[in-house]
Amino acid sequence: MSEITLVEAVRLALARAMSEDDGVLVLGEDVGPDGGVFRATEGLLERFGAERVIDTPLSESLFAGLAVGLGAQGFRPVVEFQFMGFIYPAIDQVLNHAGRLRNRTRGRLTCPMVIRAPYGGGIHAPEHHSESTEALFAHIPGIRVVIPSSPARAYGLLLAAIRDPDPVIFLEPKRVYRAVKETVADDGQAAPLDACFLLREGHDLTLVSWGAMIKETLAAADALAESGIEAAVIDVATLKPLDMTTILRSVEASGRCVIVHEAALAGGVGAEIAARLADEGLTSLLAPVRRVAGYDTVMPLPRLEAHYLPDSERILAAARETLEFA
Amino acid sequence: MSKVASFEINYTRFLDPQGQAVGDLPSFAQDPAALIELYRAMVLTRAFDAKAVALQRTGRLGTFASSLGQEAVAAGVGAAMAADDVLLPSFREQGAQFRRGVTMTELLLYWGGDERGSDFAGPRQDFPICVPVGTQAPHAAGVALALQLRGEARAAVCVIGDGATSRGDVYEAMNFAGVRRLPLVFVVNNNGWAISVPRAQQSAAETLAQKAVAAGFPGRQVDGNDVIAVRAVLDEALARARAGEGPTLIEALTYRLSDHTTADDATRYRDDTEVSARWKEEPVARLRTYLVEIGAWGKDDEEGLLADCDREVEAAADAYLATAPMPPSAMFDHLYAELPRELEAQREALSQSSDEGDISG
């Protein structure tokens, strides 16, 4: 056991899944000799061969559709998109086919596929490389949208996603790729899908977040603790379907909730969580649910991205307003 | 300056529009029984289409896409494919689907708005009808890749229309099929019209078959109203695919004698005189003329076949009309392998509001 980064955890999970199941294939651009632009597939070609680690032509719609065909034939394709900004041609395949093939054939044909993509800002990347558009996918029926926030959860959730019999969009916060190290046991243990992770207990306030914003949210919770306020921190992890039970249980105790995501505010997954809290948790609420999110602007280029992305200061300000609401 | 690439596109026809043999027929066509089988398949498809349109016109079926005039394409595809090949159809290949074991009742259920129509009891690996044009081409590449990776001597057949050849993901699939030499046959049912847009406005390429050239594999044209030619060209392409020699694109030149679907009115954009001229080239009469001339078919055979087809189609329609809808909560049944807990409340709410107990008996 050693301390590894999130991108190393992704690689570890891919290798584990491929060694356990011959049907697991890795496809995408530059996943072969180059090992992927973030090196998530490094070494897989040498270990598993060119029949299972397949460099595709530069055609995003194709490899999403390839995965549908491979999945229907019983393979478990794991497709890498280089950046979430290039994933949009695949929405047609995900929405029109992957998410509905099981339903429209009454279970005869299925799509046990995973689409992996690095997402989110904070690494001073070029244009189109920094967006967080997970809400686009969270709206699609029949799929799962999973976002890990730490190396250990990346390992466990990716294993779960690959073993899952239905399509999973697996979005990797690239800002976290190499930012933290954590001890991860390569024990083949999957983490639960469709379940939030309660990272920190607390009865004064519930902070709900995912992806790279977990770090900022935990920092805000630490700062609150210094002034004697105990905030629960929930890592949603699976955004679709959404485990509202865990969130509602925490808000029942705290009565106050702040949702944090780096995606744009309007129509973000935070809006769904807030609506569900209004619907099912209203009598527990002692204050309005607040959202700290990216602005409803185009994601700015690197010079301004730090102003766009929520940080612990913005989270703290929202938390204090929520706590002070009488 | 020097020439670095060149290509030619060959055209295949064995029966001319008057039903006269052009040159020697392929060996399978020496056997009248094989031709009669193809003929039956086309007549049955035409009878099914007529019934389906009638059901739609009388409010008993949803929007339906007839294959009137294009029966030879589907019959040829269906006859050439082996049972363990995989068909990825568009939405006008009912003739091929029937030959592969999809039932008429299933397709009526599909067009009648019931998902169970795509749960084929026969060809379990075949893909269902694909409505978003050409989006099944990448699936076909995926299926063919699966067959290739397993080292199986099987092939995938993807049928698309002329309009689909303008789409990016069709080219993406062709390009990949070429790179990997996939066991995949693309069949373009070029019926001249993509709803209201004629072939000339779809592409400036002289043939659609030559689009394969850019993807690095052979493209061929065939008279799509000559079922013998369609079957023969498919046979060769499938043999190539199974032998590991890679994909083929077959452009079948035919004509859509019907509206695009029952929701379309082709008189808005298409001249009737064009259509009546094309009726002289249609595939069913063409093969019948030939069969009669070689003495393999007569009036009694024709009457018997029409009665058989009518009986079969009516029985399928009756079975379709007698099929009760699924209970409303069935929309949750196959959403995921296992319904996430989060969705159980929605299913429960639907069951209660729709009084499902009464419906499901």
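Which residue stands opposite Val208(A) in E13(A)? In this predicted model, where local features need pLDDT of at least 70, side-chain atom pairs count only at pLDDT 80 or more, and totals for chains, interfaces and linings use all residues, the residue is Ile259(A). Residues are numbered from 1 along each chain as its sequence is written, chains are lettered from A and ligands numbered from 1 in the order in which they are written.

Strands (E, at least two residues) and helices (H or I, at least four) are DSSP runs numbered from the N terminus. E10(A) runs parallel to E13(A), joined by four bridges. Five bridges join E10(A) to E11(A), also in parallel; strands pair if DSSP finds at least two bridges between them. Thr206(A) stands opposite Ala232(A) of E11(A). The β-α-β crossover from E10(A) through H8(A) to E11(A) is right-handed, that is, clockwise from the first strand over the helix to the second with the strands pointing away from the viewer.

Five of the five residues of E10(A) are buried, so the strand is largely enclosed by the rest of the structure. A buried residue has 20 or more other C-beta atoms, placed from the backbone, within 10 Å of its own. Leu205(A), Leu207(A) and Ser209(A) lie on one side, Thr206(A) and Val208(A) on the other.

Buried residues of H8(A) include Met213(A), Leu218(A) and Leu224(A). The helix's buried residues pack against E9, E10, E11, E13 and H12 of chain A. Just after H8(A), Gly228(A) takes a positive phi of about 80°.

Technical notes:
A residue is buried if 20 or more other C-beta atoms lie within 10 Å of its own, exposed if 12 or fewer, and partly exposed in between; C-beta atoms are placed from the backbone. Two residues are in contact if their C-beta atoms, placed from the backbone, lie within 7 Å.
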